[in-house]
Amino acid sequence: MGQATTRPTDPDSNRETIGENAPGHTQTEKHVVIIGAGLSGLTAAYELQEAAKKAGQPLRLTLLESRSRIGGAIWTEKIDGFLCEGGADSFITNKPWGMQLCHRLGLGGELIGTDQRNRRSFVLRKGQILAVPEGFVLMAPSRIWPILTSPILSWKAKLRIVLEPFIPRGDASLDESLASFVRRRLGNETLERLVQPLVGGIYTADPNDLSLRATMPQFIEMEQKHGSLLRGSLFKRRSGNDIEKSSSGARYGLFATLKAGMGRLIEALGESLPKGTIQLNSAVRRVQKGADGQGWTIDLLNGPQISADGLVMATETHASARLMDEFDPELARLLRSIPYASSAIALVGFDRDKIKHPLNGFGLVIPTTENRKTLAISFTSVKLPDRAPEGKVLLRVFVGGATQPELFDLPDEEIEKIALTEVRELLGAEGPPCLYRLARHARAMPQYTIGHQDRVRQISDRVATHNRLVIASNAISGVGIPDCIRTGQLAAQRLLEQLEF
Ligand SMILES: Cc1cc2nc3c(=O)[nH]c(=O)nc-3n(C[C@H](O)[C@H](O)[C@H](O)COP(=O)(O)OP(=O)(O)OC[C@H]3O[C@@H](n4cnc5c(N)ncnc54)[C@H](O)[C@@H]3O)c2cc1C
């Protein structure tokens, strides 16, 4: 194909021309359309552009985004001196793609880590806020004494942990749920009181449904290699492989962000693309194969039809399914088979002296067995510097997720009431907050449930039957920021091979 053509749906339209009549078009130039300007789509666009520059090949990109801003699940806003993150606020660095991309974009000097002090999480137990035992990271207990002395677990549960090395290995070929694995190795109490709230906060998921293999395969590896989580994490600690010597809950020393927030990464990616590449308020309605069977035609809800030589689908998989219903119903069905959860983050600012709790940790996670209306409260301004003005604190209250979907469906005012009640009852906040903002994420978090890897394999096989079509998504091989960057990079590479760059 090699040429992009315009077929205006409305001859009188004075909308921007897209295709061969567009300024700067040459006969040999290839045109790639990326649908969805979240992190996955933006990274794909960036990588496509960088590779084309390197190869000295002309390439034109169009990035279509239905919203009035780029970034998808990531947005950052400075409000009244608070640095508000509506979505992701940091990323893990043991997967290198996040750090590498920041350096390539010239953001290396803006990277910051979490505060060295207070690297611990709290968990709610019978309404009381208790520290997660030191060295207990997600589901691996690397130190015994803090567990034995923790009031979170009963003696029976502690004994169960101590006996964990004697539990036989499971069958690694099975796609076991995270809950079943933890119940088998550490017992039900540790699952309910510690692991469920810690892990549930990451995936906004129910661990009974989560596939361990698709989410945290390192624990299967630990079980297979060392025969035990306890032995595996003690081994890691002793061999100096564990950079987390004193964290509890998450591996906080492994997290980084940007001084101005995660929105800075989105902004830098957007700025790296030529002017006119990104088209906001451009919801795609349908994609179809081009007449010559090589390229693609893309119909907007409101705008001219666009032709492209290559297509990157970087929308949530349920959104991609809708766009593909006509040209490949089977692919659409497979994409729809990935479930999603919705969640809301209430950003709440208070004067420091209006909160009784010392906030001497990075946040509080809440087991479902506590029957509260929030999944977690992050003490954002304790975890990261410069997130709140002097004398004030910024909290992020998580509501909804796979375990409490009905709460996400409540009107904004109800969610506000819930968030403020939880902060008052749990942390002893008094009076009205000095900041309140709500960020809603409808069906934004893919759920890596049992069978996820098979579903992804089937999707990949089906996509491979279509020339010059690739998918970049947080539903494929990880939901975290580095994973989204990686999926964008791999999608760009695959498409470039098919475009014969
Ligand atoms: C509340 C929350 C907190 C998180 N916190 C963290 C964290 O702290 N650390 C971390 O590493 N990860 C975190 N994540 C995960 C991570 O932020 C996301 O997985 C990632 O940002 C998703 O990027 P994406 O591009 O794959 O998808 P999205 O950001 O969902 O982007 C998809 C884009 O496609 C657009 N779109 C959809 N349909 C159409 C259409 N028809 N036409 C045009 N455009 C369309 C959407 O508007 C959207 O902009 C969090 C996620 C959520 C939801």
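1. The shell around the ligand contains 37 residues, of which Gly36, Gly38, Gly72, Ala88 and Asn474 are the closest. The model is a predicted one, in which local features need pLDDT of at least 70 and side-chain atom pairs count only at pLDDT 80 or more, while totals for chains, interfaces and linings use all residues. Residue numbers start from 1 along each chain as its sequence is written.

2. By class, this shell comprises 19 nonpolar, 14 polar and four charged residues. Here Ala, Val, Leu, Ile, Met, Phe, Trp, Tyr, Cys and Pro count as nonpolar, Asp, Glu, Lys and Arg as charged, and the others, Gly among them, as polar. At least two shell residues come from each of helix H1 (39-55), helix H11 (317-324), strand E18 (340-351), strand E22 (435-446) and helix H17 (481-498). Helices (H or I, at least four residues) and strands (E, at least two) are DSSP runs, numbered from the N terminus.

3. The protein chain is divided into domain 1 (6-71 + 262-337 + 450-498) and domain 2 (90-163 + 192-215 + 246-256 + 340-446), with bounds that come from an automatic or database domain assignment. Each of the two domains contributes at least three residues to the shell around the ligand. Their C-alpha centres are 33 Å apart.

4. Between the domains, 23 residues of domain 1 are in contact with 20 residues of domain 2, contact being defined by C-beta atoms, placed from the backbone, that lie within 7 Å. On the side of domain 1 that touches domain 2, helix H10 (263-272), H11, helix H16 (452-464) and H17 each give two or more residues. H17 provides the largest share, six residues. This side of domain 1 has nine nonpolar, 10 polar and four charged residues.

5. In helix H8 (residues 217-226), Phe219, Met222 and Glu223 are buried. Viewed down the axis of H8, the buried residues fall within an arc of 95°, so they line one face of the helix; the arc is that of the directions from the helix axis to the C-beta atoms. Glu221, Gln224 and Lys225 are exposed on the other side of H8. A residue is buried if 20 or more other C-beta atoms lie within 10 Å of its own, exposed if 12 or fewer, and partly exposed in between, with C-beta atoms placed from the backbone. The buried residues of H8 pack against strand E11 (140-141), helix H5 (178-186), helix H7 (212-215) and helix H9 (229-238). Gly227, with a positive phi near 75°, follows H8.

6. From strand E17 (residues 310-313), Gly310 and Val312 point one way and Leu311 and Met313 the other way, and all are buried. E17 pairs in the parallel sense with strand E2 (residues 30-35) over four bridges, where Ile35 stands opposite Met313. E17 also pairs in the parallel sense with strand E23 (residues 469-471) over three bridges, and Val312 stands opposite Val470 there. Strands count as paired if DSSP finds at least two bridges between them.

7. An open sheet is formed by three strands in the order E6-E12-E7, with antiparallel pairing. Strand E6 (91-92) and strand E7 (111-113) stand at the edges, each with a single partner strand, so one side of each is left without a neighbour in the sheet. E7 is joined to strand E12 (residues 255-258) by three bridges, and Leu111 stands opposite Leu258 in E12.

Key
A residue is near a molecule or strand if its C-beta atom, placed from the backbone, lies within 6 Å of it. Two residues are in contact if their C-beta atoms, placed from the backbone, lie within 7 Å.
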